[in-house]
Amino acid sequence: MTPYDFLLKYNLPRVSCLDDLQPACKNYNTQILSYQQGKAIIKENKIQSYARKVAFLWRMGDINIIFYDGRHKRADTLFAVCHELAHLILDHTDGSDREEDAADYWAITVIAPAKLLRSCGVKNTAEVQALTGLTGRPAALAVAALAEQKSNQPAQVYKTKNKSYIRQKILKRKKVKILFSAIVLLCTFTAGGLYIHNQCRAVYVTVAGTRYHTNAACYHIARCELHTLATFEATRLGYLPCKDCSNGQNGR
């Protein structure tokens, strides 16, 4: 199953938390446990050495368990768990570099789909971090996947065709890109375009809070540990806008 098929099957714009994976885990007879939750199982099976990783997959007969270290940042944990789930979904067996790369690509695509990054105007790792919380190598992978999808290489796709055919395809793609750019520019100045922009804007939440904040310096969240989400994600998780930094809407 491709990462985009996965998102469509489970009706997800992207995987933003471990709870988003639960329906898929049920289908694959898989549990997700923190090292603390699975401490007894880890000790009984003498697999403490694996617990040095951010996450790992353990098979017990027909049951699969993905263990994770809850001390890491949420986005890093989510990437590692998605990576292990990808091994199950893609039927990986040999642990080769090819399979590891495929699992990385699958994980980064369900967390930061290139289509979503494009619609939000994301271009670099800093913007990936603002939208998804991913940092370091995962954020770089997301930018690389975005660049790969953006680049059209018709000469490679149609390398078995003659040169005239290739030129025609290149010209056709250029026309489509120009038309698409014009439509995007037009939408930017419409209510729909503004809505998409606002829904993809980064906001800040706290674990104990019930409001999202557009300003990280808002006094309501001073000295709190902040988590970054897109506006649509914060709304889907039940957060309401802060009245002091979100266009004067009610609530604290």
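**Figure 1. Asp104 and Arg137 join side chains in a salt bridge.** In this predicted model, the N-to-O distance between the two side chains is 2.7 Å. Asp104 belongs to helix H5 and Arg137 to helix H8 (residues 136-150), so their pairing ties together parts of the chain that lie 33 residues apart in sequence. The two partners also sit in their surroundings in their own ways. Asp104 has a relative accessible area of 9%, so we call it buried, the cut-off being under 20%. Arg137, at 48% relative accessibility, counts as partly exposed. If you wonder how such a pair can form, here is the general idea: side chains of opposite charge can pair when their charged atoms come close.

**Figure 2. Arg71 and Asp69 form another salt bridge.** Look for the closest N and O atoms of this pair, which are 2.9 Å apart. Arg71 counts as exposed, with 75% relative accessibility, whereas Asp69 is buried, at 6%. How many salt bridges does a search of the whole structure find? The search finds two.

**Figure 3. Thr109 sits in helix H5.** This helix spans residues 97-111, and Asp104 from Figure 1 lies in helix H5 too. Is Thr109 buried or exposed? Thr109 is buried, because its relative accessibility is 4% and the cut-off for buried is under 20%. Which residues does Thr109 touch, once those up to four places away in sequence are set aside? They are Pro3, Tyr4 and Leu7.

**Figure 4. Strand E1 pairs with strand E3.** Here you can follow E1, residues 30-34, alongside E3, residues 63-68. The two strands run parallel and are joined by five bridges.

Figure 5. Of its 252 residues, 39% are buried. The chain exposes about 15,200 Å² of surface, and carbon and sulfur atoms supply 54% of that area. What share of the contacts with a separation of 6 or more comes from residues 24 or more positions apart? These pairs account for 57% of such contacts in the protein chain.

Terms used
Residues are numbered from 1 along each chain as its sequence is written. This is a predicted model: local features need pLDDT of at least 70, side-chain atom pairs count only at pLDDT 80 or more; totals for chains, interfaces and linings use all residues. Side-chain values use heavy atoms; hydrogens and water are left out. Helices (H or I, at least four residues) and strands (E, at least two) are DSSP runs, numbered from the N terminus. Buried means under 20% relative accessible area, exposed over 50%, partly exposed in between (1.4 Å probe, protein chains only). Contact means heavy atoms within 4.5 Å. A salt bridge is a side-chain nitrogen of Lys or Arg within 4 Å of a carboxyl oxygen of Asp or Glu. Accessible areas come from the Shrake-Rupley method with a 1.4 Å probe; for residues, only the protein chains shown count as cover. Two strands pair if DSSP finds at least two bridges between them.
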